Amino acid sequence: VLHQLSVEWPEPMKTVVEVFSFFSFNLEVIRLNCVATLDVATVFMWKLSILPITVFYLFVQHIFFSQVFFRQIKEALNHAFVAAIGILFMGFFVTISITTLVPFQCKSHTNGKWTMLQFESELCWEGGGHTTMVVAAGIGMIMPLSFIVVVVYLLWQFPSRVRDGNLAFFKKYSFVFARVKPVMRWFVLFLLVRNLVVAMVLMVPNAFWQIFLMQVAFGVSLGGILRFCPWVVPMANTLDFVGTSIVLLLFTLSAFFTDSDADVKSLSSLALVLSICAMTTLPVTALLLILRACSKRPKSYQWFLCHHKASSGAFARVLKLWLSDSRRDDVFLDSDNLKDLGLLFSIVKNETETLIVLATRPLLGSPWCVGEITTAHLCGVGCMMVKLPCWNPASFLGPDPGPSPGPAEGGAAAAAAEGGG
């Protein structure tokens with residue numbers, strides 16, 4: 001991305017950017033013209049064909065090994081092959097998108113002509129090789145767009161495949177689900193869309209707006225990482241945060257190497273827009289709060305499962321699978337949905353339509369369960385009781401909880417020890 005920006009990097013950063021541009025399919029780094037004379041359109045075609053050639057090579061290798069050496073594990077190899085192709089597309093998605101959109105990256109000159117940013121000898125929108133490249137780019141965009149469609153389909157299929165216990169589905173498409181938390185699986189789609197937007201931003205001919213839009217895209221991404229921590233491995237969230245922050249700093253530094261005379265007007269326009277946004281933030285926020293208070297919005301959870309983990313945890317899990325709507329996560333189970341113990345009773349009060357109480361013998365020995373039932377009763381939340389065989393209120397002999405701390409003093413460990421849900 002840094003190599004494609006309309007920025008004149010000084011040394012030694014210029015050399016570093018050019019060396020690492022090889023990973024963006026920049027064939028000029030290996031000096032092909034020293035071997036053969038290639039026109040601009042041919043070089044572009046070779047760039048577009050790098051990924052299809054790689055996929056074809058992996059396919060031939062897969063067929064050879066699965067049919068000759070490892071027939072007994074053919075299905076496992078098929079899953080591994082699909083996962084490898086997915087990882088390849090995930091890793092090089094932004095490179096594929098940027099390379100495909102190269103014909104649309106043009107810059108103007110004082111004579112009124114437009115030339116390609118990467119191939120300065122080729123005029124834009126005047127026929128010849130550029131027209132061929134535009135047609136090829138239109139065909140090449142099938143690769144990133146079709147991959148996004150595939151990911152959307154896989155995310156849509158996820159809830160039903162979980163209920164069916166389809167392990168083969170998750171092995172084959174591990175490139176989507178293996179790295180992120182199940183509830184944060186949509187973050188993969190967000191990253192793909194962000195990378196596609198980054199590639200499209202490079203089509204903007206003004207360096208200032210390129211840098212600004214890049215900062216917006218990566219700033220939103222940084223906010224998502226901080227808010228949701230989507231990666232399964234905690235260290236991955238830290239690394240992603242640090243890496244995205246460094247990229248934002250690089251974009252900030254790149255602004256010092258643009259043509260300042262050409263960007264004064266753009267900067268003034270942006271300052272005006274931001275000033276208007278700052279002045280309207282307070283009244284707009286107040287209006288939204290008033291509308292939210294006046295409107296009856298649907299609650300987040302149709303069902304809240306109040307249960308004692310030790311005596312009905314497994315039943316609560318089965319009940320959630322049976323009640324869950326495949327379109328949204330509308331059943332609250334603390335093991336899946338509770339992020340902050342201090343918000344437990346607030347969720348019952350404000351975000352729950354019906355509280356389902358799984359009545360077992362030790363239920364009333366948990367202060368958390370008693371608090372959930374009490375909150376629902378005081379706040380007018382609907383309640384339903386499912387009486388399990390061990391429930392007998394006439395001879396209640398629940399466990400002695402002892403001097404248990406309240407919700408504000410305890411924590412997740414205290415809730416786990418009490419077994420409340």
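Visitor: Is Cys379 buried, partly exposed or exposed in this predicted model?
Guide: The model is a predicted one. Buried requires under 20% relative accessible area, and exposed requires over 50%. Cys379 has a relative accessible area of 35%, so this residue is partly exposed.

Visitor: Which cysteine sulfur is nearest to that of Cys383, which is in no disulfide?
Guide: A disulfide needs two cysteine sulfur atoms within 2.5 Å. For Cys383, the nearest cysteine sulfur is 8.7 Å away. That sulfur belongs to Cys306.

Visitor: What is the relative accessibility of Cys383?
Guide: Cys383 counts as partly exposed, a class that lies between 20% and 50%. The value for Cys383 is 43%.

Visitor: How many residues apart in sequence are the parts that the pair of Cys106 and Cys124 ties together?
Guide: Cys106 lies in strand E1, residues 106-108. Cys124 lies in the loop between strand E2 (114-116) and helix H5 (129-140). The pair therefore ties together parts whose separation in sequence is 18 residues.

Visitor: Is Cys124 buried or exposed?
Guide: The cut-off for buried is under 20% relative accessible area. Cys124 has a relative accessible area of 4%, so Cys124 is buried.

How values were computed: Residues are numbered from 1 along each chain as its sequence is written. This is a predicted model: local features need pLDDT of at least 70, side-chain atom pairs count only at pLDDT 80 or more; totals for chains, interfaces and linings use all residues. Side-chain values use heavy atoms; hydrogens and water are left out. Helices (H or I, at least four residues) and strands (E, at least two) are DSSP runs, numbered from the N terminus. Buried means under 20% relative accessible area, exposed over 50%, partly exposed in between (1.4 Å probe, protein chains only).
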